[in-house]
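Inspect the structure first, then read on.

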Amino acid sequence: MTLSPSSFAAIAALTRRETAMLYEPGKEYLVEARLLPLARAAGCEDVDAYVALVLRDRVHQQAAMDALTINETSWFRDNAPYQAFTEVMLPAMLQARAHTRQLTIWSAACSSGQEAYSLAMLLDQHLPAGWSARIVATDISTSMLERVRTGRYSMVEMNRGLPATLLVKHFTRVGSEWEISADLRSMVETRHLNLAGPFPALPTFDIVFLRNVLIYFDLDTKRDILRRVRSVTSPDGYLLLGSTETTLDMETHWIREPAGRVQLHRPIAGPTSASATAVARAPQTALTGA
Ligand SMILES: C[S@@+](CC[C@H](N)C(=O)[O-])C[C@H]1O[C@@H](n2cnc3c(N)ncnc32)[C@H](O)[C@@H]1O
């Protein structure tokens, strides 16, 4: 089965329109590999026929978009962000929110939930008695959100970054899978959210993990998402991006604050106050008005 150039162009355009993800020429093999099982299941004679079906049928379109999102994730991915979470962001927020004793955290583009549950495990360990935390886990993929809600992981997934002590503490074996405890699941609520579209009503977040998703978007989309994420982040809150993602090449009205091996991002109050805020917060690095 081969994917014709016109089918590739059509599915790439659809994916871009629906998810903002870019599939550039050269990625035909990837698209074909991901759509082939769906084409077979739908009884199509080849991937081209399946693409034609996807273009006219909303249900198949949803399945194709799910298949084309890249869901790579792991527990405590890259470690350093989680270290910064417990050593920098959480202590700062415990001080700043002492009056409400409530933290609200966003795992944006959460995939199968390892990021949200890694944060839940750290909160379970470090949140003082009398505090509560709400983790909102969002993704464009409905099948990923279903996985977060189920909270079950294969042995292969468990082996990707989860310390044995935390496995023993928070998971029970169910058949060939491991299920996360109800306590941690109750901390995490799932919502469908397309980062590239208008956001639904959201709470104001103290900490946002927006990791390993901006890499799939073009510059304007990244800039727009960062602007809108800022609008739902508390003025004294934090944003964390993936280790290969940066805001250095764009005007985003976030400033960078080094914390160990990671760069935290803090919102700048208003579009015109960028340079003033950056100076006031020296020695942090201004990202705006590059
Ligand atoms: C590579 S995973 C990153 C998971 C996790 N944040 C991490 O760092 O391990 C990227 C996730 O972004 C989601 N995604 C892709 N396009 C999206 C969009 N437009 N809106 C929201 N989520 C999107 C995918 O479904 C996938 O679950």
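Which of the 22 residues around the ligand come nearest? They are Thr19, Thr73, Ala109, Asp139 and Asn212. This is a predicted model: local features need pLDDT of at least 70, side-chain atom pairs count only at pLDDT 80 or more, and totals for chains, interfaces and linings use all residues. Residues are numbered from 1 along each chain as its sequence is written, and side-chain values use heavy atoms, with hydrogens and water left out.

By class, the shell holds nine nonpolar, eight polar and five charged residues. Here Ala, Val, Leu, Ile, Met, Phe, Trp, Tyr, Cys and Pro count as nonpolar, Asp, Glu, Lys and Arg as charged, and the others, Gly among them, as polar.

The table gives polar contacts (a pair of N or O atoms within 3.5 Å).

| Side chain | Ligand atom | Distance |
|---|---|---|
| Thr73 | oxygen | 2.6 Å |
| Asn194 | nitrogen | 2.9 Å |
| Glu115 | nitrogen | 3.2 Å |

On its own, the ligand has 610 Å² of accessible area (Shrake-Rupley method, 1.4 Å probe). The protein covers 99% of that area.

Now the cysteines. The whole structure has zero disulfides (pairs of cysteine sulfur atoms within 2.5 Å).

Conventions
Near = heavy atom within 4 Å. Polar contact = N/O pair within 3.5 Å; in protein donor to acceptor, adjacent residues only side chain to side chain.
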